[in-house]
Amino acid sequence: MMWLSWKLFLFLSLTGCLSEYSEAVPGLPTSYAAILRIKSGSSSLASFNSKTRPRLSSPSSGSISSSGWRGAAQHYHSPTNPYHFSEAFKHDESVDYGPVFVQEPDDVIFPTDSEEKKVSLNCQARGNPTPTYRWLRNGTEIDIGSDYRFSLIEGSLIINNPSEIKDSGQYQCLTTNMFGSILSREAVLQFAYLGNFSGRTRSAVSVREGQGVVLMCSPPLHSPGVMGEYEPKIEVHFPYTVTAARGSTVKMECFALGNPVPTISWRKVNGHNPSKARLRKSQAVLEIPNVQLEDAGVYECKAENSRGRNVFRGQLQVYTYPQWVEKLNDTQLDSGDRLQWECKATGKPRPTYHWLKNGVPLWPQTRIEMVNGALMIRSVNVSDAGMYQCLAENKYGTIYASAELKILASAPTFPPNQMKKTIIITKGQEVVIECKPQASPKPTITWKKGDKALRESKRITILPHGSLRIVNASKSDEGRYLCQGVNVFGSAEIIASLSVKEPTRIELTPKKIELTVGESIVLSCKALHDSTLDVTFYWTLNGQPIDFEKEGGHFESIKAQASSADLMIRNILLMHAGRYGCRVQTAADTVSDETELLVRGPPGPPGVVIVEEITDNTATLSWSPGADNHSPIFLYNLQARSPFSLGWQTVKTVPDVISGDMESAMAVELNPWVEYEFRVVATNKIGTGDPSAPSRVIRTNEAVPKTPPANVSGRSGRRHELVIAWEPVSEEFQSGEGFGYIVAFRPNGTRGWKEKMVTSSDASKFIYRDESVPPLTPFEVKVGVYNNKGDGPFSPIVVICSAEGEPTAAPIDVKATSLSVSEILVAWKHIKESLGRPQGFEIGYWKDMEQEEAAEKVKTEGNESSILLTGLEGNTLYHLTVRAYNAAGYGPPSTAVRAATKKSPPSQAPSNIMWIQDGSHVSLGWEPVRPLANESDVMGYKVLFRQEGQSNSQVIETQKTSAVVLLPDVGVYIIEVCAVSEGGDGTTSPQIRVPSFSGGKVTSAQSTLHVFSTSSSSVTLLLALMVPSTSW
């Protein structure tokens, strides 16, 4: 039935199964023993046996896979690039050159049932001019224009609706430009198909468990298979001859029928199996990876079972594709020259060579020889120009190399730099007059002086390349010289005039100079030269040109006369010593002279300073002398630096004076247990030089401390305490580890000392407490030092009194008076007869609703007996205490007193202000201010006035709601009004700007009434209040 799925033959066994085998063996029937493909009856499946040309096929391993091609054309590529570009390939597009392949066509396998109905054969080449393309099929050129199915896109050939009958075959791309043609490798176009299985219905097969069974299958055409009887019979095996590329993986398979299932074994007949060989697919496949030439030989597979055995032998041949050893290069020759090209390639079998010219085979001729990859052409001419290709080929592949041959043919021409010119030299010099025409073939050169042919002599010779050489020139050599070049294509000539002058001489003075740093000198350079020549002067220092702009003004070039020049060197430094040169240049020659400048200066830095020996207070040092800069060193100074010094300091030494011939000395009076660096400074008659590099850091040895603490004194303390203070000894003078203090004291007039150890090196105070010691008892005190090395000296004895203690009595008569909404004045008295003299008083205050612990505190200093507290809250009750304090502590607080701050001043400003100005008098009136319940009562008013631009105001106080202000000076005045209360001044009214006039009597007619009102209903009342009296 057509809908049934068809299966290939299967050989089944309970003890094992056969290996998959999915590769077609060229020349043998395809085995389907391990292939299972299910396909519906309505579909078609095509298959073909690929027979790719050996030189372009993938590396063979005894079989070539044919799976995976369905649905698209397959391209098979050579494993190595068969074409190599010439090493002289030109990338400069401004230069013309022949075509060179960039891409060549590959083999194509086109499935007949492919959905894509076209084939593309790719070809691309470079060249200048741009190449054109043609295609050959089976050696015949394709007429692309005559068949609509063919099209050409940038060199690639496109075939639409390809046909196996019309289009299968071998294709080549031919590309051409003006320099010639080259031919690509061959590409094979093949068409693939696979026939359908038979639709015959199969009958059931019964088998007993444990037995083998053979299911017969008739495969599609192209690869019929045969199954044998039960004793071992090798039905499928690798070819008699297997060829493989070196480096590829080889797979050789043997498949045998038999019952019981045969066992397969492998061996190399003429040697041992390669150690890298592996057995796959139940030993049916011998796989040799990375196959090499030594792996070649005869291999045997043997199938055995209890019924017998069967053997097959085949030979493995390992080959290599051709590879270039020596390739061609583009060549350019003169007409008549000899060409010799040689291309060499390796490969197994050994490659043979063929030559193409412009894509057409090249054959030996009278002038052309071809031997083992070498091409020789004698006496080349223009007809030999073109593109040449060398083909190296063995049975497995072909590689191409190409190069361009250019033949030069031109009449002589001279470059512009050799055209007519004048040459100036001096007597006795050698001169070469160039004559190098460009021509092909090489021209014949002739010379004339004036109108006569030039005769060669010992002094005058024509060089092989055509130039003229004259040695030991004299005045007789002056004149006009003509050079002519001639070849078969024409001639050209150049003219040169030769002039011979007297040689230039130079004098540089002074010849040798010795100077001291900071001095100046002038070097003078004079030239004696041919009067017809101009001279130019150049100055050098140690062979390098002097850059006058970058030398900091030390150098100046002075041109005194046309034939002389001076070099001024100002404020000379050591770096300016050396060889000074003057170079004089004319059109004919260049001469130079030098003078030596020696500069004396302070010594250079001495060499490395080495600490030879170290003690607790000395260091023995050595050094190597530095450069004396041409003035002997007569003195060395030794300097030291420590973490405690201000930079480098000169140290005392033994000997006291270190003379210039010494290279060691001892630094003395160093501090013990201190890290030091040392350096040396040298001095000569010129001055003191730079110091040496510092020595390594080194620490002096430990010693008993020698420096006692300074400024031993007493400090305030609590009752029954003796407080002893001192300045700590600097680490610089502690002399070792474990540094501390010994505090010794005794009551004045007694004999024995009481000593206490203070182990902290940073300590500056010691407190001795004794309940039996009365206040202000005098003690003799001294403080000593110690470290791990022992005890050091004590400080001088001083007398210190014990502490008198903190104050014992509380202040009395404490009073608190409220002054304003935020101020309270606190006053008190102190009992002078009490112990513990106060250094000041502390006032604590807190609100009525708060705890005393939350009190804020303010301190006074000295004998103050009152303080004004500010920043308080208004209309608030405060509790206050006062207590004395000193360095020993605080005394008892006084009994708390109370005071309440005033209510806040009125927040309302005076309103509805009215004024009448009569000259310099201003009469004011306003409504009374009515305070709120939590505000202070109004006690009166303040009128503040000031001249515009000033900051200080004058004040008039009144208990009424009116006032008269006298404005004394001419100008504009600012007037404000505010209420006065116990809580302070209230909010001020808006500002009134009033102009003031002076001089003359102001009449009532000049008076003006002004109203500044916030309420219109108040105007009548104010007018009534301000009805003028007889004085108004």
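Author: Let us begin with a definition: buried means under 20% relative accessible area, exposed over 50%, and partly exposed in between (1.4 Å probe, protein chains only). This is a predicted model, in which local features need pLDDT of at least 70 and side-chain atom pairs count only at pLDDT 80 or more, while totals for chains, interfaces and linings use all residues. Residues are numbered from 1 along each chain as its sequence is written, and side-chain values use heavy atoms, with hydrogens and water left out.

Reader: Why is leucine 825 called partly exposed?

Author: Leucine 825 has a relative accessible area of 33%, and partly exposed is the class between buried and exposed; therefore leucine 825 is partly exposed.

Reader: What makes cysteine 978 count as buried?

Author: Its relative accessibility is 2%, so cysteine 978 counts as buried. Cysteine 801, by contrast, has a relative accessible area of 40% and is therefore partly exposed.

Reader: How do you know that cysteine 254 and cysteine 301 form a disulfide?

Author: A disulfide is a pair of cysteine sulfur atoms within 2.5 Å. The sulfur atoms of cysteine 254 and cysteine 301 are 1.8 Å apart, and the pair forms a disulfide.
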